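Please view the sequence and structure below before reading on.

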Amino acid sequence: MQISFNHPGFVAKELLYIAEAIQREHTSGGGPFTAKCNLFFESQLHVQKSILTTSCTDALEMTALLLNIQPGDEVIVPSFTFVSSASAFTLRGAKIAFADVRPDTCNIDETKIEALINSKTKAIIVVHYAGVPCEMDAILSLAKKHSLVVIEDNAHGLFASYKGRPLGSLGSMATLSFHETKNFTCGEGGALLLNDNQYIERAEVLKDKGTNRKQFLSGQVDKYTWVDHGSSFLLADLLAAFLYAQLEQREKVQRLRENIWNRYFIGLQNSKFAENFELPTTNPHGQQAFHMFYLKMKTPEQRSAFIEWMKSQGIQCVFHYQSLHSSPMGRKVRASNNECPISDSLSTRLVRLPFYNELSEEQIDYIVKKTDQFFSSHSLPNF
Ligand SMILES: *Cc1c(COP(=O)(O)O)cnc(C)c1O
């Protein structure tokens, strides 16, 4: 059996809707499918404004522009995350104060944030790792106390929630990703979600290359001209058509992913060798998005041997983030020299198992069996 790590699947009407976009002769940004996706997010996530973007990275870059981030500013970012959570701000000249993450959920450690706050700090970026919510109450109250903006990089956690509130609706701004590897996809794509009115008008200008095109189209101004910074952040309606077909299947996709996650969890929890690895931790204050399934190994050597063994059995398992604070660029843009030992440790021990909508029960059971077989010969302390 050959099982790849990811498999970008079709869920229903993607091709039909793409054909529709072509027939309507609106394939560029800002078309009818873009409007449908934005309305969908605004109503389902209870956010004030959704703007589809070319990627989550671009949506994060828009948040940096909206906050007027500039040299001399600092932004707090977890060390265990994707590069874009930090690079969107360093692109504007900010320094990054890297916060360590919690050993259980791998989310930013809310108790490590306050020590990083100073007069230069502008924002706290949180990442809901694996779609499991961060401890938002503590983070939001810290932000309020110090007048900081909270931005949720919610690339993993679409349709998850914290204390009944959808992720993406908790910070002043949030971003989504529709990259091929995410729960809902269109190849490459993203969204900027705004929960604070003051950013909406300017966000429309930024995404239209710094022009007042939107106001012009709605008749508010009689000239279409250059008024601010900006870039080409719009998602093509062709891709929004693909995305909308996926969003329509929200419930089906979530159910498939929940079943996969639960089957892995139960299968591995019952393993005779379960003391050799740690299963994923969720947050009792929320509902997760079932974005991925990972194991934490005891040692880096154990992880390497596991990945090799699974590969020899036809199963592609992969590691995840390398801690950003100790990366070559991270060292250049750091605001302080604090250690992030949990991020460093997770970088070397965390391994992700295959996870995609079409993964069958038979395939999951095979992966669980092969995991068991690995530990039957690689158990600690002898290994
Ligand atoms: C995937 C991902 C991104 C980047 O998303 P793109 O849409 O590829 O730009 C950013 N942050 C996190 C946490 C991600 O997982």
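The sections below treat the basis of the model, the ligand and the cavities.

## Basis

The model is predicted; local features need pLDDT of at least 70, side-chain atom pairs count only at pLDDT 80 or more, and totals for chains, interfaces and linings use all residues. Residues are numbered from 1 along each chain as its sequence is written, and side-chain values use heavy atoms, with hydrogens and water left out.

## Ligand site

The ligand is surrounded by 14 residues, the closest being T57, D153, H156, S177 and K182 (a residue is near if one of its heavy atoms lies within 4 Å). This shell comprises five nonpolar, seven polar and two charged residues.

Polar contacts are pairs of N or O atoms within 3.5 Å. An N or O atom in the side chain of S177 is 2.8 Å from a ligand oxygen. For Y321, the corresponding distance from a side-chain N or O atom to an oxygen atom of the ligand is 3.2 Å, and a polar side-chain atom of K182 lies 3.3 Å from a ligand oxygen. Of the 380 Å² of accessible area that the ligand has on its own, the protein covers 92% (Shrake-Rupley method, 1.4 Å probe).

## Cavities

A cavity is a set of points on a 1 Å grid over the protein atoms alone where a 1.4 Å probe fits but cannot get out; lining residues have an atom within 4 Å of a point. Two cavities of 30 Å³ or more are counted.

The largest cavity holds about 60 Å³ of space, and its lining includes H156, S177 and K182.

Key:
Polar contact = N/O pair within 3.5 Å; in protein donor to acceptor, adjacent residues only side chain to side chain. Nonpolar A, V, L, I, M, F, W, Y, C, P; charged D, E, K, R; others polar. 1 Å grid on protein atoms, 1.4 Å probe; cavity = no way out; pocket = protein on both sides within 12 Å on 5 of 7 lines; lining within 4 Å. Points joined across faces, edges and corners; volume = space filled by probe spheres on them.
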